[in-house]
Amino acid sequence: MTDPIAPPPSAGAASFKPIMISNWLYSVAFLVFIMVVVGGITRLTESGLSITEWKPVTGALPPLSEADWLSEFRKYQQIPEYREISGPAGMTLADFKFIYFWEWVHRLLGRLIGVAFAVPLLWFAVKRAIPSGYGWRLVALLALGGLQGTIGWWMVSSGLSERTDVSHFRLAVHLLTALFILGGLVWTALDLRQLARGNVRPSRVTGWGAAVFIVLLIQLLFGAYTAGLNAGNVSNSWPLMNDYFVPGGINWASGIWAALNNDPYLIHFIHRWWAWVVVGFLLVLARKVRSIDRRASVAIHIAFGTQILLGIATVMTGIDLHLAVLHQAVGALVVASTVWGVHLLGAAQR
C-alpha cells in the first residue's frame, strides 16, 4: 500500500529530513516522559478524580473566578471519594485547589503533546519530508495518542459513581499505553537515525528482544496494579514482607487468577520479586549490545540499578511521595533504555 504522506518514490534522499524528524520525536517522547511523571504525582496525591467532567477543548482553561472554583468543588463533592474520604477528612477549598491543579496539569500536558505531535506532522507531510514507510507509523502514533486521552477519561469515570478510586485495571491500561507510546516514539526516532546513516531497512524485534519486552511488560503490569490498589502500603520492610518471604494475608478464596489480579499482598510480592527476573534479562541484553553501542549498555545498567534501589527505598519509607514519583519516572527510563537496546540488537541481526 502506498504511504499517502511520504514523498513520491522519485524524490531524492536529500529531500528527506530523517534527523529533523527524529529529533522532533525525541522531544515528543520527552513530553510523554514528563506526562508519566505528572501522572504519578496525580495518583499519589489522590488528584485524579478532582475534575469530574471531560471537556477536551474548553477544559484547557482552569477555573478563573471564585464562583468557578466553588462550582467545580461542588461537583467534586458529589462523588464517593469526597463523601467517604476527603469530606470526612475535612477537605477545604484550598485543599481542593491543590489536587485540581495536578489533574489539570496532567490533562493540559496531554493536550500539549497532541499539538506538539500533530502540527509538526502536518508540516512534514505538507513538505513531503517524511521518508517512505514512515507516514503510516507516525499517523498510528498520533491516533494512539488520541486514544490515550479517551482511555484516561475511561479510567477517571470508573471512580465517579460507585468507587472511591479508579479501577486498577483501567489505570494499568492507561499507564501501559503511555509507556507503549513512549517506546514507539523512541523506536521510530532510532529507525530514522539509522536511515540518516544510510541504513534503509528499519530495525526488527528479535526473539530475544521480544522475550525481554514480555518480561518487562509483566513487571510494568504488576507495578500498575500495585499503584492502583495501593499495594505498596501492605509492607514497609525489605526483603521480607511483614517478617515473611511469602506474606500472610493473601486471599485465595476466589482462586489464583482472582488473587493475581486483585490481591494487594500477592501483587506486591510478585512486583518486588519479578523485578529480579527483569534484571536478569536486562543484564543479558546489556551484554549483547555492549559491543554494538556501549552507551546503550551503560544506560540499561544505570536505569535498572537505580530503579531497584528506588523501589526498595519507596517501600521502606512507607511510600514516600518523592521516592514514589522518582520510581515511576525511572520506570519510564527503563522502558526507553530497553527499547534502545532491543533496537540495536535487531539492527545488528538484519
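This is a predicted model: local features need pLDDT of at least 70, side-chain atom pairs count only at pLDDT 80 or more; totals for chains, interfaces and linings use all residues.
**Helix 6 and helix 7**

I began with helix 6 (residues 168-196) and helix 7 (residues 207-228), whose axes come within 8 Å and cross at roughly 140°. Angles over 145 degrees would count as roughly antiparallel, so I recorded helix 6 and helix 7 as oblique to each other. I noted the crossing of helix 6 and helix 7 as right-handed.

Next I listed the residues in contact. From helix 6 they are His168, Phe169, Leu171, Ala172, Leu175, Leu176, Leu179 and Trp187, and from helix 7 Phe213, Leu217, Leu220, Leu221, Ala224, Tyr225 and Gly228.

**Largest pocket**

I then turned to the largest pocket, which holds about 1200 Å³ of space. It has 47 lining residues, and Met35, His106, Gln148, Gly152 and His174 are the closest to its centre. I saw that helix 1 (18-44), helix 3 (80-86), helix 4 (93-126), helix 5 (135-157), helix 6 and helix 7 each supply at least two lining residues. Helix 5 gives the largest share, ten residues. I sorted the lining by class into 22 nonpolar, 18 polar and seven charged residues.

**Second largest pocket**

For the second largest pocket I noted about 910 Å³ of space. I found 41 lining residues, with Gly223, His271, Gln307, Gly311 and His327 nearest the centre. Helix 1, helix 6, helix 7, helix 9 (264-290), helix 10 (294-316) and helix 11 (321-348) each give two or more residues to this lining. The largest share, eight residues, comes from helix 9.

Notes. Residues are numbered from 1 along each chain as its sequence is written. Side-chain values use heavy atoms; hydrogens and water are left out. Axes are lines fitted to C-alpha atoms, for helices over the stretch in contact, and angles run from 0 to 180 degrees between N-to-C directions. Helices (H or I, at least four residues) and strands (E, at least two) are DSSP runs, numbered from the N terminus. Angles under 35 degrees count as roughly parallel, over 145 as roughly antiparallel, 65 to 115 as roughly perpendicular and the rest as oblique. A crossing is left-handed if the near helix is turned anticlockwise from the far one by less than a right angle, and right-handed if clockwise. Contact means heavy atoms within 4.5 Å. On a 1 Å grid over the protein atoms alone, a cavity is a set of points where a 1.4 Å probe fits but cannot get out, and a pocket is an open set with protein on both sides within 12 Å along at least five of seven lines; lining residues have an atom within 4 Å of a point. Grid points are joined across faces, edges and corners, and a volume is the space filled by probe spheres set on the points. Ala, Val, Leu, Ile, Met, Phe, Trp, Tyr, Cys and Pro count as nonpolar, Asp, Glu, Lys and Arg as charged, and the others, Gly among them, as polar.
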